[in-house]
Amino acid sequence: MCGIVGLFLKDPKLEPELGAMLAQMLDVMCDRGPDSAGFAVYGAGAPGFVKLTLRGPAGTDFAKIGAEIGHLVTPRDTHAVLSVPAAEEMAARTALARIAPDIRVVGAGARMELYKEVGLPADVARRFKLDAMSGTHAIGHTRMATESAVTTDGAHPFSTGPDQCLVHNGSLSNHAGVRRRLAREGVSVDTENDSEVAAAYLTYRMRSGDSLGEALTHSLDDLDGFYTFVVGTESGFGVLRDPIACKPAVMAETDGYVAFGSEYRALAGLPGIDSARVFEPEPAKVYFWDRAA
Amino acid sequence: MKLSLTPAAAERAVDIDLASSALRELNAALHKLTPDTNETYWRIANPAGRHAIAAGLDVPVTVEIDGPVGYYCAGMNKQASVIVNGNAGVGVAENMMSGFVHVKGDASQSAGATAHGGLLVIDGNASARCGISMKGVDIVVKGSVGHMSAFMAQAGTLTVLGDAGEALGDSLYEAKLFVRGSVAGLGADCVEKEMRDEHRTLLAAKLDAAGILGEVDISEFRRYGSARSLYHFHIDNVSSY
């Protein structure tokens, strides 16, 4: 089944509330996906620096790893954000692989931080202290696994490019073929998960020069199956449903925000929802909001 | 609109606030009502998109819900009138047998799915698969309906004041479809049919039931129905099944 939530803020005054708003939405969507949860938050970035979100086994001493590599590290439960000058990203990744081979880099970007774990979504959000996070936009996912195992690797969001991530409700039927095609293009997909293939496909399209909107439009031709996608980039937030509209989606827009939920229940607690424009995104129609626009 | 409560009935209203009361208790209380109940008017506050509100009723009472509801609101309804002052989620009034369901906002997918009887009125738009497999219900949508509406619809009427999406009436049986606006495309075996007096009379009756007779010009509607070529298996139609 799975639940998706997303929030794109238009009013900067709401930015300190971003995490609390998303946490409440994720909490309501526990019913749709109690296996695992994850979220990506686009917060503040430092000019010239890249944030690497790391994931390690429980009890990992991230402070020690940061000290050894010589970069600032901010631990959050099983994850940590390593802040690295952009020019030293490759060196930091190489050092990480040497010093702590069991640590995985699950996300990278100027602003994106990405957290995901197995467990009830409300508990996962609490462990990472999502409610205290701030930022401009965020997406989240509650998972009921259908196509691959219940593991942290199989949880959403999937990030396959800098500041890019995707959450998916549905199942893709041609992911094996797309995976082979991407491999020929030099794009690797780490897990057996169908949703990661969709993320990698969008990364591949954007790497080839597509905007997020163009990449989503191309995916209508190239991805087959059931899907509602919510996608985040450094400056934007996009939504796409398959042409049959198999999976639910509802959106709300006010002067302050654009919000996405698999069900209206996820939006019911947002400020000003009673006077929001509430609508269902049309099937096979690309929606995106961009801060740069 | 059809519903008009006497002041005495409004005074007897049972008020339930779902912010502080459990939905299961509300539905259990509604299911316990007997046909001679004096608790004939229920007002529900703070539905917040919860699922299956007022589903499975079988008494002639009125339930008015003040706000948006989730999935399957008034599902399987018999006899009751259920009014939603807001939007409705997937499957509102699905499998309704009789009674009246009025959504004052938009309805999500599969509104009135498989419903056998009663009247479903949607003031706003209904999204995909409105009236899918309907079996006798009358549905009146004042806005537009999404793709694959009236898919395999067997009996009843679907009246749309706005437009219809792709593949209207695909694999249709004997339901009658009236659309005032444009139709993006007809599904397999669905064709436009002549609008004769008997159909104008039928449509007028449905608009009257929905409380909007005289508000729209009946001559603006077009009628769609089954070409009846897919009823029985025929090898020439194999790609259409």
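In helix α3 of chain B, the buried residues are B:Leu203, B:Lys206 and B:Leu207. These residues cover an arc of only 100° around the axis, and they therefore lie on the same side of α3(B). The structure described here is a predicted model. Just after α3(B), a positive phi of about 80° is found at B:Gly211.

In chain A, strand β11 (residues 225–232) is largely enclosed by the rest of the structure, because six of its eight residues are buried. Strand β10 (residues 164–172) of chain A runs antiparallel to β11(A) and is joined to it by eight bridges, with A:His168 standing opposite A:Phe229 of β11(A). Strand β12 (residues 236–241) of chain A is likewise antiparallel to β11(A), to which five bridges join it, and here A:Val230 stands opposite A:Val239 of β12(A). Three residues lie between β11(A) and β12(A), and the two strands form a hairpin.

The contact between the chains takes nine residues from chain A and 13 residues from chain B. On the side of chain A that touches chain B, six residues are nonpolar and three are charged, while none is polar.

Technical notes
Residues are numbered from 1 along each chain as its sequence is written. Chains are lettered from A and ligands numbered from 1 in the order in which they are written. This is a predicted model: local features need pLDDT of at least 70, side-chain atom pairs count only at pLDDT 80 or more; totals for chains, interfaces and linings use all residues. A residue is buried if 20 or more other C-beta atoms lie within 10 Å of its own, exposed if 12 or fewer, and partly exposed in between; C-beta atoms are placed from the backbone. Helices (H or I, at least four residues) and strands (E, at least two) are DSSP runs, numbered from the N terminus. Two strands pair if DSSP finds at least two bridges between them. Two residues are in contact if their C-beta atoms, placed from the backbone, lie within 7 Å. Ala, Val, Leu, Ile, Met, Phe, Trp, Tyr, Cys and Pro count as nonpolar, Asp, Glu, Lys and Arg as charged, and the others, Gly among them, as polar. The arc is that of the directions from the helix axis to the C-beta atoms.
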